[in-house]
Amino acid sequence: MAEDSTHVKLDQELKAAAAELGSAVDAFTSNHDDASRKDIVRAAEMVLASARDPNTMWMDDALEMSRLGATHLFQVWGGFGHIPDQGAISFAELAQKLDAETSLIGELSSLPLSLSLSLSLSLSLSFFLSHSILMYLSERIVGVLTSQGTLQAVGADRIAHTPISRTLTPANQLSTLYQLVWDNNMVNFFHLEEYFAKYGRREPQLMNHIPATFARGCPERRFFEYLADDPAYLQRFTTGMNLIEKSRSPASGIYDFSWLVDKAAQEPPERAVFVDVGGGSGQAILAIHQEYPQLPIARFVLQDRRETIDAVVAEDNPLLQKVQKLATDFFHDQPVKGTLCLCTKFFFFFF
Ligand SMILES: C[S@@+](CC[C@H](N)C(=O)[O-])C[C@H]1O[C@@H](n2cnc3c(N)ncnc32)[C@H](O)[C@@H]1O
């Protein structure tokens, strides 16, 4: 009886989610807009959430971890950049370019499935186990990536790009974001257990002794102190944050700033109109000013860490020329007094 009602509930959830998916696909195929695309993904995730067997979720987790691990490794080795824009590359050629054993990159397994599986486990490469072994009997890094759709398998021993893998090539700016997400999350997650064992199960109390610096073996440092001494990470961080600001972090179309236009006109011209604390490369200021061009741009103030402000000045974006740029530390007093609007967007999560 209980089982029947569980089935009824599951059937209902599945049908509702599938219907929503169908509608989202219909909407997308007539609009091809971003919102309908997101609706499809959301609806498909609902279908999956209902359809997945809770007893095998651990396997789904293992596959996802394999995908993340293999993607990261292949990316930092430079693998994605060696795949030709058109056509395919063989495992052997790729292995040669990466100075790696061909079998580590990928090869068609002649071993029986069970042996292949246990061999992989015994080699402690279990995190690379994936559908590849089950579906194609191919193994290792590209096996994970082809089986999960990041790369396309061509024949038995070659691979080609997919739209996803193209975003992971060094020539594509988005590739920085994959690495940055790894830096900012995975590296820290891996050490959280030790971190909380040492400091107790509570929020970090200071600006140092935080998970990010603990994970990197220097808990006594603050995050940005560490970052300043790791040029490669700093570069990824700066480039990545700029990209996020430009593409994924909207600042306009959210608040009605028409009151600010009126207020700015009434106040003395030396009074700051808009101070963006931790404003990065000034994208929020630009977006808001583009939406309200009547706001006096010279009374906008962009504040950030010294390194960020120096980079903004060096970039010399003509649109930001009149914006005041000030190196500050938001843990100290706000140096600009009496601004009409103080913006703090998308940075509190750092501490
Ligand atoms: C995630 S980014 C957000 C950038 C921008 N506000 C946005 O919404 O896209 C966080 C920003 O805070 C800045 N930041 C971090 N610590 C800071 C500090 N102590 N003082 C000033 N800015 C800081 C970083 O340099 C970075 O530009």
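A helix axis here is a line fitted to C-alpha atoms over the stretch in contact. Two packed helices are described by the angle between their axes and the distance between the axes. This is a predicted model. In it, helices H10 and H14 come within 9 Å, axis to axis. Strand E5 is largely enclosed by the rest of the structure.

**Helices H10 and H14**
- H10 covers residues 174–189, and H14 covers residues 231–247.
- Their axes cross at roughly 115 degrees.
- The crossing of H10 and H14 is left-handed.
- H10 brings Thr176, Leu177, Gln179, Leu180 and Asp183 to the contact.
- H14 brings Tyr233, Arg236, Phe237, Thr239, Gly240 and Leu243.
- Five of these contact residues are nonpolar, four are polar and two are charged.

**Strand E5 and its burial**
- E5 spans residues 300–304, and five of its five residues are buried, so the rest of the structure largely encloses the strand.
- Both faces of E5 are covered.
- Phe300, Leu302 and Asp304 are buried on one side, and Val301 and Gln303 on the other.

**Strands paired with E5**
- Strand E4 (residues 274–277) runs parallel to E5, and four bridges join them.
- Strand E6 (residues 324–327) also pairs with E5 in the parallel sense, over four bridges.
- Gln303 of E5 stands opposite Val277, and the bridge partner of Gln303 in E6 is Leu326.

**Crossovers through helices**
- E4, helix H16 (residues 283–291) and E5 form a right-handed β-α-β unit.
- From E5, the chain passes through helix H17 (residues 306–315) to E6.
- This β-α-β crossover from E5 to E6 is right-handed.

Definitions and conventions
Residues numbered from 1 in each chain as written. Predicted model: local features only at pLDDT ≥ 70, side-chain atom pairs only at ≥ 80, totals over all residues. Axes fitted to C-alpha atoms, helices over the stretch in contact; angles between N-to-C directions. Helix = DSSP H or I, 4+ residues; strand = E, 2+ residues; numbered from the N terminus. Left-handed = near helix turned anticlockwise from the far one by under 90°. Contact = placed C-beta atoms within 7 Å. Nonpolar A, V, L, I, M, F, W, Y, C, P; charged D, E, K, R; others polar. Buried ≥ 20, exposed ≤ 12 C-beta atoms within 10 Å, placed from the backbone. Pairing = 2+ DSSP bridges. Right-handed = clockwise from strand over helix to strand, strands pointing away.
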